[in-house]
Amino acid sequence: MILSCNNITKSFDGNTILNNCSFNVDDNEKVAIVGINGAGKSTFFKIITKQLSADNGVVTLAKDKVMSYLSQHPDMNSNRTIYEEMLDAKKDIIETENTLREMESRMSCETGDTLNKTLESYTSLSHQFEIDGGLTYKSEINGVLKGLGFTEDDYDRNISSLSGGQKTRVYLSKILLASPDIILLDEPTNHLDLNSIVWLEQFLSNYKGAVVIISHDRYFLDKIVTKVVDIENTVCSVYSGNFSEYSKKKALRREAELKAYMNQQREIQHQEAVIDKLKQFNREKSIKRAESREKKLDKIELLDKPINLNDEMRINLTPSHESGKDVLMVENLSKSFDENHLFSNLNFNIRRGEKVGILGNNGTGKTTLLKIINDIITADQGKIQLGANVTIGYYDQEQHILKMDNTIFDEISDARPEMTNTQIRNLLAAFLFTGDDVYKLISELSGGERARVSLAKLMLSNANFLILDEPTNHLDIVSKEILENAINNYSGTVLYVSHDRYFINKTATRILELTGKTLVNYIGDYNYYLEKREELTKIYAPESCARQITSNSTAKSDSALDWQKAKEEKALKQKKEKELKNTEAKINELEEKSGAITEKMYLPEYSSDAAKLLEFQKELDSINAQLEELYSRWEELI
């Protein structure tokens, strides 16, 4: 065990966030902490890393173990370049390398015992240098930086010139290169494109240390974690398995809790009815019986009714009118920013009822494409045409549609002044804003809270064509599931940019991938896209395909070797199982034969026949020798 959290309790202004929460992390274990926004996940990380103190409980990190923490907004102010920052993660190895170079220089001038001693130290240090990865640290730096979306042209960029998302990726790169014993990651995929997320999945799955992750990316968690810590209503529950297994187990647990609650309620109602009946008899004995039952009823520990958050937040996106069959026509669209050429001659149509997801690496122009369609920026060339009766509802990931000096209540009231106070409150309650929360200023809200307000406004727009830019960013898992259901039940048309593969797989009927400065069309969900990606990219975006082949050739080679190895291991296992089965059958056969011969030796007709008894004994000796070999082989196979 590398990390132990026992009975952690934390409150803010009398509001309990965590109540006696406990869980352990074993060496090399991959653990997820999940829960709705505000459940206390990031607070738990800050307690573990001693940025906050718990009101009660103990956090214990195993002796001599190193822990690193990636927060959602890491403070990274540095005058170094990206590559210099990575070298800092390998400073111990670099110091050893410098020491070795210094020793090599000294040895050229030394003789005799002095040289022998230096040579002995040099040999020992060289060996440790190799074990620590001294011969491969530069290629390791390149691998991590490229895996997380940086190019070699970025290496010399000063960190102070980077955006917040880029700084987060640099910080994450440095943590991974430092190889601590345990890593705490708070929303590590927020600033990564799909390729980088897939790379990070593989890296963390194979990571030799322990990893604890806060993430709302269900696909990501499914690929990595083997244990889930669920924070709900201040209480922690621990589930073994990945996210899918956790979801199933939690659903079964909630079902059992609801059943227990309903059974208790029925029993309480039954007892209350019996007590009322006994009191109606109005006799001394019946009244005493009623009082006795009342005392027992008072001692019952009442179960809380399990709450399903999906029932509390319902989004019904209903268009006010139907559009024509053709919703959007895009012809020969091109866009560049100075020397940065994003895409050329894009052509696609979207028809009524389609749910279209746009995929692509960071910087390929996905958000730019949405802004061109929304007439926020202009294209260099090309034509955009909306169909008949099309009304757009646009969700901007930066929430530019919100007024920072408004309260949440005012934001909705301004959008729909005809709504009553009660109607506005009911709507906001559906988006988990209750009580005095509705009077919070937009400027004071977290990213996730602003996202929910924006979605609430979108729901009121009655649009029949929704254009969404990263709609699941900052949403917790429950909110994502509700949004998925709303989009799937929506009769209008949806076009969105997202890197949430689970969300895409649940909602997309078609996928457009921006790659190689062009679009590749996939008529299906995310699984279909994965199946056809290599084939269609080769046909429609050969330039992108060539780059992928070059960058992934080693990975594919390793994958092929892994597959071949797995195939050989499977064949060997089947062969071993077959031999074990045959060995056991042969042992049974010989044991029965041995028993039959032994029985014969005791028969009266053979008791005085020395020659026959000798023949039996020779046969038994032969069988016993065979059995000895078979038993030895059986022990090897078992």
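Analyst: Phe23 has a relative accessibility of 4%, so it counts as buried (buried is under 20% relative accessible area, exposed is over 50% and partly exposed is in between, with a 1.4 Å probe and protein chains only). The model is predicted: local features need a pLDDT of at least 70, side-chain atom pairs count only at pLDDT 80 or more, and totals for chains, interfaces and linings use all residues. Numbering starts from 1 along each chain as its sequence is written, and side-chain values use heavy atoms, with hydrogens and water left out.

Phe44 is buried as well, with a relative accessibility of 0%.

A pair of aromatic rings is described by two values, the distance of the centres and the angle of the planes. Rings of Phe, Tyr and Trp (its six-membered ring) pair if their centres lie within 6.5 Å; planes under 30 degrees apart are stacked, over 60 edge-to-face, and the rest tilted. By this rule there are 12 aromatic pairs. In one of them, the ring centres of Phe23 and Phe44 are 5.3 Å apart and the planes meet at 65°, so this pair is edge-to-face. The partners come from distant parts of the chain: Phe23 is in strand E2 (residues 15–25) and Phe44 is in helix H1 (residues 41–48), 21 residues apart. Helices (H or I, at least four residues) and strands (E, at least two) are DSSP runs, numbered from the N terminus.

Tyr522 and Tyr529 make another pair: their ring centres are 5.0 Å apart and their planes are at 85°, so this pair too is edge-to-face. Both Tyr522 and Tyr529 are buried. They also belong to one aromatic cluster, formed by Tyr219, Tyr522, Tyr526 and Tyr529.

Lys50 has a relative accessibility of 66%, so it counts as exposed. Most residues other than glycine have a negative phi. Phi of Lys50, however, is positive, near 65°. Asn233 is not a glycine either, and its phi is positive at about 55°. The place of Asn233 is the loop between strand E8 (227–232) and strand E9 (235–240). With 61% relative accessibility, Asn233 is exposed.

Arg293 sits in helix H10 (residues 284–298). Setting aside neighbours within four places in sequence, Arg293 is in contact (heavy atoms within 4.5 Å) with Gln271, Val274, Ile275 and Leu278. Between Arg293 and Gln271 there are 22 residues in sequence and 7.3 Å in space, C-alpha to C-alpha.

Now for the whole protein. It has 20 helices and 18 strands. Its radius of gyration is 34 Å, well over the 26 Å that the globule rule gives for 638 residues, so the protein is more spread out than a compact globule (the radius is taken over C-alpha atoms, and the rule is 2.2 Å times the number of residues to the power 0.38). The C-alpha atoms fill a box of roughly 115 × 110 × 60 Å along the principal axes. Of the 638 residues, 43% are buried. Among contacts between residues at least 6 apart in sequence, 67% join residues at least 24 apart.
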